[in-house]
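Dear colleague,

Please find below the structure that I am handing over to you, together with its sequence. My findings follow directly after it.

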Amino acid sequence: MGSQTAAGSSLALSAMLPSSFDAAGYVALTYVEIGQVEKLGSFGASFSKVEFQGLKGAKQKFKGSADFGALQPSIALDALDAGQILLQTASDDETQKLYSFRVTYPDGSTRYFRGRVFGAPETADGADSMLMATPTVEICSKVVKVDAGATIVPAPTLTQPSISPTSGAVGTTFTATDGTVTNGTITGRRWLLGTTAIGTGTTVTPNAAGSLTRENTAVGTNGETITSTSVARTVSAASAPSLSLSSAVSKAEGNSGTTLFSWILTLSRDGSTAAYPFSWATAGNGANPADAADFGGAFPAGSGTFAAGETTKTISVLVAGDTAFEPDDTFTLSVTAAGLNTVTSTGTITNDDAAPSQPTVTLSGAQSKAEGNSGATVFTYTVTRSSTSGAVNVPWSFTPGGTAASDFTSGSLPAGGTVAMADGVATGTFSISVNGDITVEAEETFTVLLSTPSGYVAGASMSATGTILNDDAVSIMPMRTIAVQNRTHTGKESRATADRCSVRWPLIVGQDASEAALWFSNWVHGTAPGPNGAAIEVLGASLQLDGASTTVPVTFGGARNLAMADGANDILSDAIPASAFGLSKFTTGETYWVKAVLAFATGATVPNSQRAVSNLSGSQAAFFASANTTITSVDAPGVATATGTALDGRANGYCPMLMGRPIVDGPSFIGIGDSIMEVTGDSGGDTSKEFGLAFFQRAMHDASTARTSLRPSILLARVGIAASAVSTSELWKPLLKYVRYAVEELGTNDMGTGGNAVLSDIQTRLQSIWTACVAAGVKIYRTNYIARSSSTNSFTDKAGQTPSPGWAAGQTRDQLIAWFDTKVADGTLQGVIDTLSVATDPTDNHYFLTTGVASATTSDGTHPRDFIHELMAAKVRAVIQPSNSREGQQRCLPIPRRGSARLCAQPLKP
């Protein structure tokens, strides 16, 4: 055909690649035509030009690398066109996948190639123009051209031939079934044993062992040759003839005459027709071997022959009967034959004669006794014999069962012994002495056993148990704080469009516990403690052991959600046993991640603590709008991730506390204070921020921050708060039942710096706080006030400082410190901790300690810097962790102060 226009041309594509990169392969694919194509543009191969100019002759020009070009069709956009949809999918594909393309010309001739779509930009011009797309298809293969009317013959295919049976020995005949051929003809067939051809017919009988396969060869219509090989079948070596004996024979011997023991001897010929002579013999074996007398005086033996074609023989042995009582006797029958295997079987001659009458020994029955709270409880067992003739020693032994050495007065497990009975004595006794204690424990059982002495037989009972019954009351441990940095919420935050918040925080165990629970509230410990101002609902929460791949769901009365009214307080989740994590207990130093999702009215406030996301890797506090954002499940490990609008990450967030039942109700603490106790002035230093900052939280571990030294605590401290605010609030008081000790530090903001504070007002406020602690059974340690001053040289030295009004010698601060002594004397306070001496000038404690470096110890005359906080923490440790610091050896702590020579703070005891 001659020249033609492009009218009627079409473009189509397929997401598949051809099985062969020729016309047959491309034609076999299914294509989707792209509609609304305005023009296709040019495409096809071009070659880069490589030039060489020799010193002589003309310039040489060579073909370099081929570039098969790019197709840039112009297409009117149609969102419903299947071809355009597939083209857009190819454009969005980032996997480097190749697609197959077909261009069809009006005369029916076609062009095929493979390519990638490098984009499909859209164009919107004037009002009288169509919305257009101009994709770029970069061609990555030769363009295969197929003339109109050409006959495309697909490549031949050939399925695997098969072989039956699936296995056999040498001499087995195997049969083949050819594979199925399309677009061709099978022209070759052969059998292969390993790599050696052994035949071409439909069947074959291998004469050697090996791997047998069938191979088909086919030639396609276009002359292509293909081969297909079957699954290999195993040809095993031919078996040799072998002998076998029937199973063991067991019979009573009888009281006289003989008893016949018979076995069937079988010859597996495996094709052999020869005669096989054999011989057999018997011999005693086992713990009680038969002897010649059991067969009438000699062990039986004999011989025989398998005639040609014969496969079974019977071997018979006669056993002599008797009336003697004896144990069961055993013997072995052995058969041998030249060139064959040796086979054996067993015969058992069972005793059928009555045993002579012998005396018995018997042990008294089981006993159960309460252990008692002290002293010894004795379990006595009686051994009884049926005959009193002659003396006898009866051995007994002890099996501990669930008992331990500490359960017995000897401090070790009983070793057993012997009960001696003299002639004429029918009974004897032995005893087990058990320790009394006051420990709650499970019932424990041991066993005593008799051994049969010579000349006696076992009686009806030869063993007995002893059960040590628990008689101690179960003491249920109270719920306590078990985390090292439980903190109250000291602020709140809202986001204008958010109605959800997702949080995740680490909670580090500060004392071993059998179970745990999460503590929730909806109030804020601000400078004026009060309700949050909005209701909140916990939609779900979970706990994850650090490093584990799964979480444990948190429930509230069996439900996953918890609705909290504004001001809700002191809500515990259902208890979570350590076994939920596959553990026997929650162990000091372990980290558990709490994750929760909260719901609230759009734009409402949510309480938050001063724990910072930036300081705690893996933590999260993020707001979002549920209408625009979906997050991963609260039960999924790790932080929440979002689909839709991104999460609004925040610096701080809502954080439940971790409570639990301790294994031992050891020391647990609440820190009640202001900014000096919370964090101000302490930037971290070398103290891990995951345990908390400032002197109180530093004191909850030893100076090395070893996890084994952690102590459980609650931090009730807030920047700017005064004792006046805490003393009038009831919201914090439910926390007292979760601790045993309080470290209290309030009053700095009540005194202020104006010198006009009323001493009696501050005393009344502090006394109110202490009274609440005492009423809850919490013992109180008070820290001393440190200095408060101004400076003309950034606290470089003492000379530049001036004590603030009320903080100078003899003023309000000193009066309060003197008053603390009286509260120790009347029993209100357990003691006063000397934080003063390490934070102030050694010559006059009304001035901040200085080092000659500006702002080294304080920058504002109120809040100490990092190393001062650590010195203060050491003083607290001396009281609450005496075994972990050298300061713990000091019982009375000297404080240079007018009117008081020494102040004693006794280290606490669990």
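Ala283 is in contact (heavy atoms within 4.5 Å) with Phe299, Phe331 and Thr332, leaving aside its neighbours within four places in sequence. Ala283 is found in strand 28, residues 276-285; helices (H or I, at least four residues) and strands (E, at least two) are DSSP runs, numbered from the N terminus. Leu333 is 50 residues away from Ala283 in sequence, yet the two are 7.0 Å apart in space, C-alpha to C-alpha. With a relative accessible area of 37%, Ala283 is partly exposed; buried means under 20% relative accessible area, exposed over 50%, and partly exposed in between, with a 1.4 Å probe and protein chains only.

Please note that this is a predicted model, in which local features need pLDDT of at least 70 and side-chain atom pairs count only at pLDDT 80 or more, while totals for chains, interfaces and linings use all residues. Residues are numbered from 1 along each chain as its sequence is written, and side-chain values use heavy atoms, with hydrogens and water left out.

Thr213 counts as buried, at 12% relative accessibility. Not counting residues up to four places away in sequence, Thr213 touches Ile163, Arg190, Trp191, Leu192, Thr229, Ser230 and Ala232.

As to the protein overall, its secondary structure comes to 10 helices and 71 strands. The C-alpha trace spans about 135 × 125 × 65 Å along its principal axes. The radius of gyration is 48 Å, whereas a compact globule of 910 residues would have one near 29 Å; the radius is taken over C-alpha atoms, and the globule rule is 2.2 Å times the number of residues to the power 0.38. Of the 910 residues, 45% count as buried. Among contacts with a separation of 6 or more, 73% are between residues 24 or more positions apart. The protein exposes about 40,400 Å², of which carbon and sulfur atoms supply 52%; accessible areas come from the Shrake-Rupley method with a 1.4 Å probe, and for residues only the protein chains shown count as cover.

I turn next to the nonpolar cores. In soluble globular proteins, nonpolar side chains tend to be buried together. A nonpolar core is here a set of buried Ala, Val, Leu, Ile, Met, Phe, Trp, Tyr and Cys residues joined through side-chain atoms within 4.5 Å. The largest one has 42 residues, and those with the most contacts inside it are Phe520 and Met564. Strands that each supply at least two residues of this core include strand 45 (500-508), strand 46 (513-520), strand 49 (536-545) and strand 54 (591-599). Strand 49 provides the largest share, 5 residues. Apart from this core lies another, of 40 residues, among them Met659, Ile672, Leu816 and Phe820.

Glu493 is buried, at 18% relative accessible area, whereas Arg650 is partly exposed, at 23%. Another salt bridge is formed by the side chains of Arg495 and Asp648 (2.6 Å, N to O). Glu493, Arg495, Asp648 and Arg650 are linked in a network of salt bridges.

A further salt bridge is that between the side chains of Asp570 and Lys737 (2.4 Å, N to O). This pair links distant parts of the chain, 167 residues apart, with Asp570 in the loop between strand 51 and strand 52 (571-572) and Lys737 in the loop between helix 5 (723-727) and strand 63 (741-744). Asp570 is partly exposed, at 24% relative accessibility, and Lys737 is also partly exposed, at 40%.

Yours sincerely

Conventions: A salt bridge is a side-chain nitrogen of Lys or Arg within 4 Å of a carboxyl oxygen of Asp or Glu.
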